[in-house]
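Here are my notes on the model you passed along. Have it open while you read.

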Amino acid sequence: MAKIVKKQEIKEERSSNVVVKLPKRMFQYALIVLVVVGLIYFGTKMFFAASVNGQLINRLTVIKELEKQGGQKTLDTIILKTLIGQEAKKRKLSVSAADVSAEISKIEKNVTSQGTTLDALLQQQGMTKSDLEDEIRIQLLVTKMVDNNITVTDKEVTDYLESQKQQTSLSSAQPAPELTKDQAVAAIKQQKLQAEIQKFVADLKAKAKINYFVKY
């Protein structure tokens, strides 16, 4: 009697094992099918940009055309960003996410005051929010590296305010509101900052060892 019970238990165990294995195998097959379909889908997007009446257009063709139109300019921009990043790392400088967000808020406020939105402006310029963040991060890094070289004297402020008064009186019948001293300082500092950045970038390029493997 005990043997019969054991045999029945063994049969039940085997049958239960079969029931467990079948769904597991089916799940594995389904997973393989999903992986294959995913590879085909993403592989198509990776190697091809579009299809015209069934004829595939290779992404390499698109890239070559873009390189003809602006390859050198794009490459120079990437090189410049790389040089700035290397210099910032050498000086142990960084820009926080909070700093970037603060600058984006300023831009957004300015754009909104002009009757549009930041998203609309970015779309118009073919940029994403991530692109803007990268641009701001680079700009802030460069500013940190040259900001200490900028000073504004009282004489420069006085001369600037005087020149603005003369320009306003000559160009407009209705005088514009006079600039404050703080506004004059900010304007002069911005002018000097742009000049310092250009000089800094030129020095970085002059000192760097840049090898071009492609000519556009």
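1. Ground rules. This is a predicted model, where local features need pLDDT of at least 70 and side-chain atom pairs count only at pLDDT 80 or more, while totals for chains, interfaces and linings use all residues. Residues are numbered from 1 along each chain as its sequence is written, and side-chain values use heavy atoms, with hydrogens and water left out.

2. Overall layout. The protein chain has seven helices and two strands, in the order α-β-β-α-α-α-α-α-α. Helices (H or I, at least four residues) and strands (E, at least two) are DSSP runs, numbered from the N terminus. Of its 216 residues, 15% count as buried; buried is under 20% relative accessible area, exposed is over 50%, and partly exposed lies in between (1.4 Å probe, protein chains only).

3. Contacts. Take the contacts (heavy atoms within 4.5 Å) between residues at least 6 apart in sequence: 71% of them join residues at least 24 apart.

4. Look at α2. Helix α2 covers residues 59–90. With 32 residues, α2 has its end C-alpha atoms only 37 Å apart, short of the 46 Å a straight helix would reach at 1.5 Å a residue; that expected span is 1.5 Å times one less than the number of residues. There is a bend of about 80° at Gly70, taken as the angle between axes fitted to the seven residues ending there and the seven starting there.

5. What α2 packs on. Its buried residues include Gly71, Ile79 and Leu83, and the buried set packs against α5 (129–146) and α7 (181–207).

6. Which residues are linked in a network of salt bridges? They are Glu87, Lys90 and Arg91, a salt bridge being a side-chain nitrogen of Lys or Arg within 4 Å of a carboxyl oxygen of Asp or Glu. Lys90 meets Glu87 at 3.7 Å, N to O, and Arg91 has its closest N 2.9 Å from an O of Glu87. Lys90 and Glu87 are three residues apart in α2, so about one helical turn separates them. Glu87 is buried at 14% relative accessible area, whereas Lys90 is exposed at 64% and Arg91 partly exposed at 38%.

7. A longer-range pair. Lys192 and Glu156 also form a salt bridge, at 2.8 Å from N to O. This one links distant parts of the chain, Lys192 in α7 and Glu156 in α6 (residues 154–171), 36 residues apart. The salt bridge count comes to 10.
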